[in-house]
Amino acid sequence: MHPSVSDLAHRIADVTLIDQHVHGCWLTPGDRQRFENALNEANTDPITHPGFDCQLGFAVRAHCGPLLGLPKHVAPEDYWSRRGQLGETELARLFLTAAGVSDWLVDTGVGGGVADTGEMAALSGNRAHEVVRLEEVAEQAAHAPGDYAAAFDEILHRRAAGAQNARHRGGRGEQGRERGGARAERGGERGHPGGGVAQGRGRWRDRGGVRLTDLVLLRFGLHRALRLRKPLQFHVGFGDRDCDLDRANPLLLLDFLRQSGDTPIVLLHCYPYEREAGYLAQAFNNVYVDGGLSVNHLGARSPAFIARLLELAPFGKIVYSSDGYGPAELHFLGAALWRKGIHRVVSGFVADGEWSEDDAVRVVNLIARDNAARIYRV
Ligand SMILES: [Zn+2]
C-alpha cells in the first residue's frame with residue numbers, strides 16, 4: 001500500500017511527538033521585554049532592537065497568532081495585547097496541547113518561575129518525565145558535608161531513581177545532561193582523581209559557585225553519569241554568549257565519545273555544527289542528534305537545517321525536540337515548524353524519485369517518536 005503525497009502530509013500533521021528535551025514554560029506574568037528577550041537565545045543583555053524582527057518573531061506571528069484567534073502575521077502589538085488577555089497558564093494549556101506531544105522530557109535544572117515536570121504533565125494532559133541536570137547534582141554535592149565524590153554519586157543515584165519512581169507511567173525518563181560539554185572535554189584529559197575533585201570543589205566555591213565551568217568537576221560528573229548507562233544529553237553549538245560557540249563544536253567531544261561505551265549520547269541544538277554532529281552520529285553507534293532550539297530560531301529557514309540533519313546521520317539516530325523554555329509558544333512552535341520542515345524536505349525526496357513514500361513515512365515516525373521511545377524507554 002502506498003500513501004499519496006497528501007497522505008504523507010496528513011501522516012506528518014498527525015504523528016504524535018516525543019519532545020525529548022524541553023524546559024518548563026512560564027507560569028508567572030512578565031513584561032514585553034521579558035517576552036522579546038525570550039525570542040533571542042544568544043544575547044544575555046536586555047535586547048535593544050525590536051524583538052519580533054527576527055525569524056523566530058515572524059514564526060510566532062505566523063504560527064501562534066492563529067491559535068490565539070488572530071490573523072496570520074498579526075502585528076507584534078496586537079499579538080502582545082492578545083497574549084496579555086489570556087495569561088501564562090491559559091497560554092500554556094493552549095500551546096502545550098496544540099503541540100501534539102505525548103511525552104515531554106523536562107530538564108528542570110534551569111531556574112525557577114517555570115512549570116516543573118508535574119505541571120507540564122497537568123497543563124498538557126500528557127506524560128512528563130524528568131531530565132536530571134548534572135550541574136545541579138554537582139551544585140548539591142558541593143554544598144553537602146564530607147567527600148564530594150561520594151555525595152555526587154549518592155545524589156545522582158537518588159535523583160535518577162526518584163525521577164523514575166515519580167514517573168512510573170512512562171518508565172525511565174531521567175537523563176544526565178551537561179551544558180557546554182564539548183568545552184568541558186576539550187583537551188581530552190582522562191581520569192578524575194578524587195583529590196582533584198576536592199580541589200575543584202574548593203575552587204568552585206571560592207568563585208561563588210556560579211555556572212559550573214571547572215573542568216575537573218565537569219569531567220568527573222560526566223564519567224560518573226556514564227556509569228548509570230542512561231542517555232546523556234549535551235548542549236552543543238548554538239546557545240547564549242556565555243558559552244564560547246567556537247568551543248561548543250561537537251567534534252571536541254571525540255575523546256569523550258571514544259570512552260563513552262554504549263551509553264546513548266544525544267547532541268542537542270547542533271547549529272551551526274549540524275553537519276559535524278551528523279558525522280558523529282554516523283561514526284558512533286551510541287551518538288544521536290537533535291536540532292531542537294535551532295529549528296525555532298531559524299523559522300522560515302528551518303527546512304534547510306532539517307535537510308542538513310538528514311545528510312550523514314543514520315535515520316535511527318535523529319530525534320525530535322523543541323527545547324522550549326519560557327513562553328509556551330516555543331513548545332508549540334518547535335512542533336509546528338518541525339512538521340512543516342520535515343514535510344518540505346521528505347516530500348522533495350519523494351517527488352525526485354529518490355525516496356519511496358512508505359520510506360518517508362517510516363523515517364518521519366522514527367524521528368518524531370520511535371527513536372526516542374527506544375532510547376529513553378518511554
Ligand atoms: Zn535545553
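This report walks through a metal site, a surface patch and some backbone details of a predicted model.

## The zinc site

Let's start with the metal. Four residues coordinate the zinc ion: His21, His23 and His235, each through its NE2 atom, and Asp323 through OD. The distances run from 2.1 to 2.6 Å. Along the sequence, these donor residues follow the spacing H-x1-H-x211-H-x87-D.

What is the geometry of the site? The angles among the 4 donor atoms span 81 to 146°, and the site is irregular. It does not count as tetrahedral because that label needs all angles to lie between 85 and 135 degrees.

Leu251, Tyr279 and Leu312 make a nonpolar surface patch of about 250 Å². You can find Leu251 in the loop that runs between strand E5 (232-236) and helix H12 (254-258). Is Leu251 buried or partly exposed? With a relative accessible area of 34%, Leu251 is partly exposed.

## Backbone details to look for

Pro272 sits in the loop between strand E6 (265-269) and helix H13 (274-283).

Two residues other than glycine have a positive phi: His269, near 70°, and Leu293, near 75°. His269 belongs to strand E6 and is buried, at 1% relative accessibility. Leu293 is in the loop between strand E7 (287-290) and helix H14 (294-298), and is buried with a relative accessible area of 7%.

How values were computed:
Residues are numbered from 1 along each chain as its sequence is written. This is a predicted model: local features need pLDDT of at least 70, side-chain atom pairs count only at pLDDT 80 or more; totals for chains, interfaces and linings use all residues. Side-chain values use heavy atoms; hydrogens and water are left out. Donors are N, O and S atoms within 2.8 Å of the metal (3.2 Å for Na, K and Ca); water is not among the atoms, so sites may look incomplete. Four donors count as tetrahedral if all angles lie between 85 and 135 degrees; four count as square planar and six as octahedral if opposite donors are over 155 degrees apart and all others between 65 and 115; anything else is irregular. Patches are made of residues with over 30% relative accessible area and no salt bridge: like charges are joined within 9 Å, nonpolar side chains (Val, Leu, Ile, Met, Phe, Trp, Tyr) within 5 Å. Accessible areas come from the Shrake-Rupley method with a 1.4 Å probe; for residues, only the protein chains shown count as cover. A salt bridge is a side-chain nitrogen of Lys or Arg within 4 Å of a carboxyl oxygen of Asp or Glu. Helices (H or I, at least four residues) and strands (E, at least two) are DSSP runs, numbered from the N terminus. Buried means under 20% relative accessible area, exposed over 50%, partly exposed in between (1.4 Å probe, protein chains only).
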